[in-house]
Amino acid sequence: MRNPYLYPNGRIGALEKDLLPARTWQMLLSAADSVEASRLLADTWYGRFPGLSQCAFETVFEAAQAASEQELMELSEDRALVRGILHRRDARNARYLWKAALCGGNADGPELEKPGLVEHSLLASALADEEARKLLPAAMSAAAEELSSLSDPSPLEVDRILDRMAAGLELDEFSSMGPGFRRLLETMIDSRNVTTCIRIMLSGSREDLSPGVLLEGGTVSRKAVCGAALEGSLPDFVADIENLERLAPFVKETLSSRSFLELERETERVIMEMLDAGSFELFGPAPLAAFIFKKEMEMNHLRILLAAKAAGMDRARLSRRLPRG
Amino acid sequence: MAVVVRATRMELQTLRKRSVLARRGHKLLKDKLDELMRQFKILIAEYMGARQKIEGELLEAYREFLFARASMRREALADALRYPGAVAVVHGSTRKVMNLTLPEFDVSMEGSIRNYGMLDTTPELDASLEVFARVLPGIVRLAGQEKAIGILAAEIDRTRRRVNALEYILIPELEEAVSRIRLKLEEIERGNLTRLMKVKKMAERKREGTLL
Amino acid sequence: MNEFLSYSGVAIAAALAGIGSAVGVGMVGQAAAGVLSVDPKKFGKLLLLVALPGTQGIYGFVIAFLLLQRITAQTTLTSDFALQSFLAGIPVALTGLLSAIHQAKVGVSGVALAAKQPADATKGLILAVFVEFYAILGFLVSFLMLP
């Protein structure tokens, strides 16, 4: 009857109180500028990181991110979960490095994030070196192999392969996490596919829209999304996707107004609600993963809020994008 | 007083001619100035309208970009924008307004502006880049207009100085010289006349004396 | 043979109910420790939830004790008596084992509830108490079945 998640989930349950409550969001939204917002944040979990009083928000968020990941690694006995969270950063680093190598970036190399579970040097050598490729996770090494076989690829091709790799990595590692969490991932893939379709349609290159540019693993097939988009019945199609029903009017609105702000907001709202619901499966790793996702989302929203406040954006405009308050 | 001349009939003739010429030049220059001003006003109106429109669009794009920047990782944003997919070529040409050569720029773009993956980038980035790309030809055209306005303004300045020089210095001076010469010549005329009358009287008196 | 049968009734009652309680308290204890590592002030609220799956062990122990008393009081163990004492141990043993573990699951959820919404902590406790009810029934049946 040993269950490795009881202690971590108990702790995460208590840590969730560190997430900013709705009232704090309200106060943050009505803050006059970023200085006032930083003063409000000083009383929260973020107050423990140095740099807040100087408004050095990037440092604060980096430290906060590192702290959450540290917590995750200490708590989780589920290697797949840790891998799933940290490999996302490796996938991004792989993109920066491989794209620079294949498409000719600047001389002093691309900017990199700090490594997740794979060292920068290993990633850098993986394109040319078959031995190094063997040390990478399956999805990454497959992508590296595919990339190294291409001759003179365009950035767009490289990106397409890397997009698929990143989504594959995520799905591989997280799918072992029980049905609730799998549903969340599938919904996220669905929403990404819908957004991708809209982005391609709006960029005016309909011929680029093919099932190949979309991600596998959603609740609806790639072909179906693609077909609906080409037929122009995307809003109706979205209305039939489980969990995304609510997005239908916003899809329609985005297609006509070309502004993604509200669609992004609603998508994030759907995912936030699913995260809140999923966090009650107490005997698996899902609450832990949900907690990390929530924290990342919160930081992302704080970044947006602080940037908007620093630029003096008014509250009405901000609340078109921010699914808080 | 600058025009110092000998008071001769020949000088008077030349000065008169110069004065007429100066008047005609003044009129021509004045017409040119008016036309330049008209062109200048047209250009300014065009420029202000275009500029306001572009500024409005840019403001909107920057706001959109702000969201994109805040919700993307710094490295991911740098990566997405490092490999431009579109090539913009600026074409320069000229057009003639009066005798001036004014520059005209135009820009043509090829390729897709969006040249990055979909996974780590936000759609707001698409939207802001789209606006930036749409505004770019306008900005380049604006640069041409701005230069043209500068050239036109310099020309107006020069022409106005010439007009003023003619109107307030050269023409008055010539006229003054002409009138001075005329006065002088009249004086001489009168002197000659009196002298002739005197001589005539003397001659008459002499004849009467001999007759008497 | 009769002795073996009657003593296994004692053993089964104490052991299975005890195992259930140990697993149950262990599970809730882990979850509670997780919460306490962040928020030690919650100790009072979580204490009862942790202790609740422990009661099954006590029931098992009481039955085992009473049974042992009856067995030692007999001078000769008839086969009827032996069978009766064996069967008397079974209800408390099985209900104790299963209810303790399930109560622990409810308890873990209760701990999560107490961590997130301290005001609702008692509701989690009440839910766990419902499971207790069936352990008590098993205990009663065992008690009435005592030879």
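Start by selecting chains A and C: their contact (heavy atoms within 4.5 Å) takes 15 residues from chain A and 18 residues from chain C. This is a predicted model, where local features need pLDDT of at least 70 and side-chain atom pairs count only at pLDDT 80 or more, while totals for chains, interfaces and linings use all residues. Residues are numbered from 1 along each chain as its sequence is written, chains are lettered from A and ligands numbered from 1 in the order in which they are written, and side-chain values use heavy atoms, leaving out hydrogens and water.

**Stop 1: chain A against chain C**

Keep both chains on screen. About 1,600 Å² is buried between chain A and chain C, and carbon and sulfur atoms give 72% of that area. Buried area here is the accessible area (1.4 Å probe) that two parts lose on being put together, summed over both.

Now pick C:D39 and A:K17. They form a salt bridge, with the closest N and O atoms 3.0 Å apart; the term asks for a side-chain nitrogen of Lys or Arg within 4 Å of a carboxyl oxygen of Asp or Glu. Across this interface of chain A and chain C, the rule finds two salt bridges. There are also three residue pairs in polar contact between chain A and chain C, both residues at pLDDT 80 or more. A polar contact is a pair of N or O atoms within 3.5 Å; within protein, one must be able to donate a hydrogen and the other to accept it, and residues adjacent in sequence count only if both atoms are side-chain atoms.

**Stop 2: chain B against chain A**

Which chains share the most contacts? Of the two pairs of chains in contact, chains A and B do. Select the 30 residues of chain B that are in contact with 42 residues of chain A. The area buried between chain B and chain A is about 3,400 Å², with 54% from carbon and sulfur atoms. Highlight B:F67, B:Y83 and B:L119, which supply 21% of the area that chain B buries against chain A, more than any other three residues.

Next, show B:D120 and A:R95, a salt bridge whose closest N and O atoms are 3.3 Å apart. The count between chain B and chain A is six salt bridges, and eleven residue pairs are in polar contact across the interface of chain B and chain A, both at pLDDT 80 or more.

**Stop 3: helix α11 of chain A**

Select residues 222–231 of chain A, helix α11. Helices are DSSP runs (H or I, at least four residues), numbered from the N terminus. The buried residues of α11 are A:V225, A:C226, A:A228 and A:A229; buried means under 20% relative accessible area and exposed over 50%, with partly exposed in between (1.4 Å probe, protein chains only). Look down the axis of α11(A): these buried residues fall within an arc of 165 degrees, so they line one face of the helix. The arc is that of the directions from the helix axis to the C-beta atoms.

Turn to the face away from the buried side to find the exposed residues A:K223 and A:E231. Just after α11(A), A:G232 takes a positive phi of about 85 degrees.

**Stop 4: A:T44**

Finally, centre on A:T44, in the loop between α3 (34–42) and α4 (57–75) of chain A. Is A:T44 buried or exposed? At 19% relative accessibility, A:T44 counts as buried. Its side chain reaches the backbone oxygen of A:L41 at 2.6 Å. Not counting residues up to four places away in sequence, A:T44 touches A:L20 and A:T24.

Conventions. Helix = DSSP H or I, 4+ residues; strand = E, 2+ residues; numbered from the N terminus.
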